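This report covers a helix pair, a ligand site and the confidence of the model.

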Amino acid sequence: MSNQVTRVTDAAASATAQAAPVRAGAGQASVTATDRTTTAELRQALPLVTVRDLRVAYDDKPETKPVLDGVDLELFPGEMVALLGASGSGKSTLMKSLTGFAPVSGGSVRIAGHDVTNLARGELRTLRSDVGQVFQQFQLIPRLSVLTNVLTGALHGAGPINLVGGFSSAHRQRALSLLDRVGIAHKAKDPARSLSGGQQQRVAIARALMQQPRVILADEPVASLDPKLADSVLGLLRRIATEDGIPVLVSLHVLPLALAHSDRIVGLRHGEMLVSARTTDLDAAKLSVLYDEEDDDVDHHA
Ligand SMILES: Nc1ncnc2c1ncn2[C@@H]1O[C@H](COP(=O)(O)OP(=O)(O)OP(=O)(O)O)[C@@H](O)[C@H]1O
Ligand SMILES: [Mg+2]
């Protein structure tokens with residue numbers, strides 16, 4: 001990290017983070033939480049995700065800079081946390097490291113009671129069923145009905161997928177009520193491919209909820225949607241975080257969306273966590289530390 005870069009941290013959060021290494025460069029600025037009540041309430045709960053000094057390297061050559069280096073992160077029940085950073089800064093890799101898909105070479109990762117760097121035999125499946133995931137391209141099975149796509153969420157952790165065996169009526173009821181919750185119960189029988197992008201992402205969210213996740217990770221879930229649909233899908237994710245008391249980590253490229261739809265923002269630059277603060281303490285100018293001028297192939301302010 002360049003020492004000229006300002007690190008933006010939430011002072012209250014840093015103070016309670018156990019053994020969080022302080023690696024501030026010269027010129028570090030601290031943004032003090034203004035909403036101390038909310039911060040205190042959040043801190044009373046135990047984090048469902050704790051990442052400490054995480055290092056991820058895709059090759060082990062000493063001269064290669066790790067993709068993630070010294071990353072700390074905590075996610076608390078009920079909060080929506082936006083993950084920002086330029087393309088290649090390590091957002092997807094951080095999400096993958098939470099579900100055991102990234103080559104972690106240092107530090108620790110705990111999520112929903114699982115020690116990701118030290119899993120027991122067979123625990124990976126439970127871990128992945130505890131973590132609901134939502135992706136940019138929805139990843140539905142296009143020819144199957146909306147209802148069946150949601151039902152596949154129940155197969156997480158259940159071994160090899162068998163769509164022929166059928167689902168219990170309790171599962172069907174639950175899938176239908178989730179479709180109702182995300183506002184598309186009327187599409188239950190339609191093939192997934194016939195839905196609009198915004199509707200497909202709602203199906204994907206219902207599918208993630210079908211797993212009864214303890215944490216939701218959404219990697220650029222609105223990058224393929226127009227601004228209005230992006231707002232509504234992020235609004236839905238935030239409602240789920242609040243109502244179900246689960247943390248939602250959502251990576252985004254558009255700053256106004258992050259500022260409008262999150263309780264907290266964390267930001268990576270070149271694999272280091274430079275920003276971690278309450279959203280109310282941030283603005284686009286403070287977040288500009290995350291982006292090099294030459295990163296401007298994406299319009300973050302759109
Ligand atoms: N499987 C892999 N093997 C080698 N390098 C990888 C692999 N996956 C990611 N990387 C590298 O890790 C870095 C971070 O990639 P990552 O996909 O996490 O970035 P990102 O912030 O999600 O970017 P984007 O905004 O474009 O999705 C990049 O330099 C990328 O080339
Ligand atoms: Mg990515």
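## Helix pair

Helix α6 (residues 169-181) and helix α7 (residues 197-210) have axes that come within 9 Å and cross at roughly 135°. Helices here are DSSP runs (H or I, at least four residues), numbered from the N terminus; axes are lines fitted to C-alpha atoms over the stretch in contact, with angles from 0 to 180 degrees between N-to-C directions. The two helices are therefore oblique to each other, a term for angles that are not under 35 degrees (roughly parallel), over 145 (roughly antiparallel) or 65 to 115 (roughly perpendicular).

On the α6 side, Arg174, Ala175, Leu178 and Leu179 meet Ala206, Leu209 and Met210 of α7, contact being C-beta atoms, placed from the backbone, within 7 Å. By class, this contact has six nonpolar, no polar and one charged residues; Ala, Val, Leu, Ile, Met, Phe, Trp, Tyr, Cys and Pro count as nonpolar, Asp, Glu, Lys and Arg as charged, and the others, Gly among them, as polar.

## Ligand site

Around ligand 1 are Tyr58, Val67, Gly85, Ser87, Gly88, Ser89, Gly90, Lys91, Ser92 and Thr93, each with its C-beta atom, placed from the backbone, within 6 Å of the ligand. Two of these residues are nonpolar, seven polar and one charged.

## Confidence and numbering

The model is predicted: local features need pLDDT of at least 70, side-chain atom pairs count only at pLDDT 80 or more, and totals for chains, interfaces and linings use all residues. Residues are numbered from 1 along each chain as its sequence is written, while chains are lettered from A and ligands numbered from 1 in the order in which they are written.

Mean pLDDT (the predictor's confidence in each residue, from 0 to 100) is 85 for the protein, and 80% of its residues reach 70 or more. Over residues 11-34 pLDDT stays under 50. Where pLDDT is low, the predicted coordinates should not be read in detail.

How values were computed: Two residues are in contact if their C-beta atoms, placed from the backbone, lie within 7 Å.
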